[in-house]
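The sequence and structure come first.

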Amino acid sequence: MIVDLAERASPELPEYDVCIVGTGPAGATLARELAGGPFRVCVLESGRRLPTPQGDALRATESTGIHVKDWSRERVLGGASTTWAGLSSPLDPIDMAPRPWIGSEGWPIARDEMLALYDEGARRYRFPAAPSFGASGFGSLRARGDVQPVWKQLEEKVFLACAEPQDFGAESQAAWSASNVDLLLDATVVRIETDAAIGIAHARGVRVRTSAGLELEVRARAFVLATGGIENARLLLVSRDACPTGLGNEHAQVGHGFMNHPKNYFGILHLARPIESLPYFFGALNQGFAGYAGLRLTEERQRELGILNSYARFEPLFPWSDDDGVESLVTLVKRSKGLYTRWKSGRKDEVVELRDWSETGDDSERQNARHGVFGAVPLVGNVVLHAPSVAQYAWFRLGRRKPKVRRVRLRHFLEMQPSSANRVELSRALDANGVPIPHVTHACNELDRRSLVELWKTLRLELAANGLGELEGDLAHADPWPIDQDASHHMGATRMGIDARSSVVDAHLRLHGARNVWIAGASVFPTSGCANPTMTIVALSIRLARRLQVELSAARVRA
Ligand SMILES: Cc1cc2nc3c(=O)[nH]c(=O)nc-3n(C[C@H](O)[C@H](O)[C@H](O)COP(=O)(O)OP(=O)(O)OC[C@H]3O[C@@H](n4cnc5c(N)ncnc54)[C@H](O)[C@@H]3O)c2cc1C
């Protein structure tokens, strides 16, 4: 049953076995794993099928340090997967291992188990399978480039996105209409209600508000918060029946250890000789995936230096790079889905090299902006205004000739140290439901910065040693620190761990402080590595669904 509470009143609801809050990749995966099974599942989604002004207003966040973009969070069926770029990569071995130099005991999950879960994610959720990242997959493009650099202390890391990135709301229709699943839209959870028990808390229900201001309670035996990297912490902090500072917050850990992958450009590589083709590093569409290889320091070198796992990627500069007209054209083509899909499927068996970074959709304010009925008009206007650059771009995009690249800019993505200085708290300001909005404080610390400066130094040396050219820029003395953009990867604010005094959820993602509340999403990551988080979110949700089935079956036997 799918009920949009903006359109009709809530029907009489039973007591559910599981209530999942949120329909982004975390919540949708859980729902898909439980659909068709023996348990009665309720899924509560604050948004509706399409974005609404009310849903957009609920994204409001206050920031200190790195600014959290509104469009990094979506209140709509499918969550941020409705706008994401789809880039995926597995966590690296070092990410999950203990790293005393960053204050991490590692993940309480074996990496082999995670690799098996990635494999399931690839088979059931359209993520790239392990071979796609390797020599038989995207790695095969390495040999096709004009140059094949040899690295000493650098390692390549491949990132891949489905040619049509997954939209978890739209692609989970079968789950939403499964006979054991009820999906309620326009159902914003404003707090979790717990029994005033002695000892560990027990959640009885969640209080839900609709955009019309109606309230209802949804009761279940188990609750999973899958509301995104910031909202998961916020919902715990505002739910104060059991603990005066928030559910599961007995040891003041909720919200602490928030992480992002701060990103930005810095530095230009002046190529010693022009390059026409370098699809592996410059980005290409091949075998159904768009991807590129970034560069990070080897794990051995990271250990020696006591630093984090950050990476940099190359972006070729074309005469039309950063041209608003070109970006508008790309946005128009992407919005006319049929045209875009036809263009891509016509080139299924080719290696389509990237001709402008906006083709990836990563970090595009324009592509993420809301557009109404007349939304195409300013885009068309931009295309006309910038006709010469657009024509040049289109010529190289559609034709067989390859532009010569003489300069390449570097784009950096940082791993942040999990630190209590970076956190999600509650603001004094309230949203339309009277709930405090989140206040997010995060910034790069000395170790974060040093980690990238070390990578930069090695890059400069090895690019020169390979005869590729000279890297211009002085990152070590850059002031203010330039790598300061929100990557929309919100992680770590309810981290998992063995010890309740230093983590919020256990290895099975259950709140240390509650008997029947679990957390799904990147907020449970104890560390983040530099991989985009969603493939790991989905892997963890598959694992959590399995755990819930065990717990609920055991509870049935006991009852
Ligand atoms: C522009 C952009 C590009 C991105 N690119 C990439 C990428 O290339 N690769 C990658 O791995 N990741 C990328 N991400 C991040 C990725 O989208 C997130 O990691 C992922 O969506 C998180 O999944 P989630 O289910 O945990 O949370 P979300 O997707 O945020 O979903 C949370 C859901 O919970 C709902 N919700 C929130 N609060 C409540 C409430 N109180 N009551 C009821 N429902 C609620 C929301 O409406 C939403 O549907 C990108 C994000 C953006 C914005």
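The model is a predicted one.

**Ligand site**

The shell around the ligand has 37 residues, and those that come nearest are Ala 26, Glu 45, Ala 80, Leu 87 and Thr 534.

| Residue | Atom of the residue | Distance to a ligand oxygen atom |
|---|---|---|
| Thr 534 | N or O atom in the side chain | 2.8 Å |
| Val 76 | polar backbone atom | 3.0 Å |
| Pro 25 | backbone N or O atom | 3.1 Å |

On its own, the ligand has 990 Å² of accessible area, and the protein covers 95% of this. Helix 1 (25–34), strand 7 (188–195) and helix 16 are the elements that give two or more residues to the shell. By residue class, the shell divides into 15 nonpolar, 18 polar and four charged residues.

Asn 532 sits in the loop between strand 19 (517–519) and helix 16 (534–558). Is Asn 532 buried or exposed? Its relative accessible area is 12%, and the cut-off for buried is under 20%, so Asn 532 is buried. Leaving aside neighbours within four places in sequence, Asn 532 is in contact with Leu 87, Ser 89, Phe 159 and His 489.

**Aromatic pairs**

A pair of aromatic rings is described by the distance of the centres and the angle of the planes. How many aromatic pairs does a search of the whole structure find? The search finds 16. Phe 159 has a relative accessible area of 0% and is buried. Tyr 311, at 1% relative accessibility, counts as buried as well.

Tyr 311 also forms a stacked pair with Phe 413, at 4.9 Å centre to centre and 5 degrees between the planes. Because Tyr 311 lies in strand 13 and Phe 413 in strand 15 (residues 405–413), this pair ties together parts that are 102 residues apart in sequence. Phe 413 counts as buried at 6% relative accessibility.

A separate listing concerns a cluster of rings. Phe 138, Trp 151, Tyr 280, Phe 281 and Phe 314 are linked into a cluster by ring pairs.

His 412 is found in strand 15. At 1% relative accessibility, His 412 counts as buried. Which backbone atom lies 2.9 Å from a polar atom of the side chain of His 412? That atom is the backbone oxygen of Phe 266. Beyond four places in sequence, the contacts of His 412 include Pro 262, Tyr 265, Phe 266, Tyr 311, Leu 452, Trp 456 and Ile 483.

Glu 353 has its place in strand 14 (residues 352–353) and counts as buried at 8% relative accessibility. The side chain of Glu 353 makes a polar contact of 2.6 Å with the side chain of Ser 277. Not counting residues up to four places away in sequence, Glu 353 touches residues including Glu 276, Ser 277, Leu 278, Pro 279, Arg 397 and Lys 402.

**Backbone features**

Asp 479 and Pro 480 are joined by a cis peptide bond with an omega of about 5 degrees. Pro 480 lies in the loop between strand 18 (469–472) and strand 19. Ser 488 lies in the loop between strand 18 and strand 19. Ser 488 is not a glycine, yet its phi is positive, about 65 degrees. With a relative accessible area of 28%, Ser 488 is partly exposed.

Asp 186, also not a glycine, has a positive phi of about 55 degrees. Asp 186 is placed in the loop between strand 6 (181–185) and strand 7. The relative accessible area of Asp 186 is 4%, and the residue is buried.

Notes: Residues are numbered from 1 along each chain as its sequence is written. This is a predicted model: local features need pLDDT of at least 70, side-chain atom pairs count only at pLDDT 80 or more; totals for chains, interfaces and linings use all residues. Side-chain values use heavy atoms; hydrogens and water are left out. Helices (H or I, at least four residues) and strands (E, at least two) are DSSP runs, numbered from the N terminus. Buried means under 20% relative accessible area, exposed over 50%, partly exposed in between (1.4 Å probe, protein chains only). Contact means heavy atoms within 4.5 Å. A residue is near a molecule or strand if one of its heavy atoms lies within 4 Å of it. A polar contact is a pair of N or O atoms within 3.5 Å; within protein, one must be able to donate a hydrogen and the other to accept it, and residues adjacent in sequence count only if both atoms are side-chain atoms. Accessible areas come from the Shrake-Rupley method with a 1.4 Å probe; for residues, only the protein chains shown count as cover. Ala, Val, Leu, Ile, Met, Phe, Trp, Tyr, Cys and Pro count as nonpolar, Asp, Glu, Lys and Arg as charged, and the others, Gly among them, as polar. Rings of Phe, Tyr and Trp (its six-membered ring) pair if their centres lie within 6.5 Å; planes under 30 degrees apart count as stacked, over 60 as edge-to-face and the rest as tilted.
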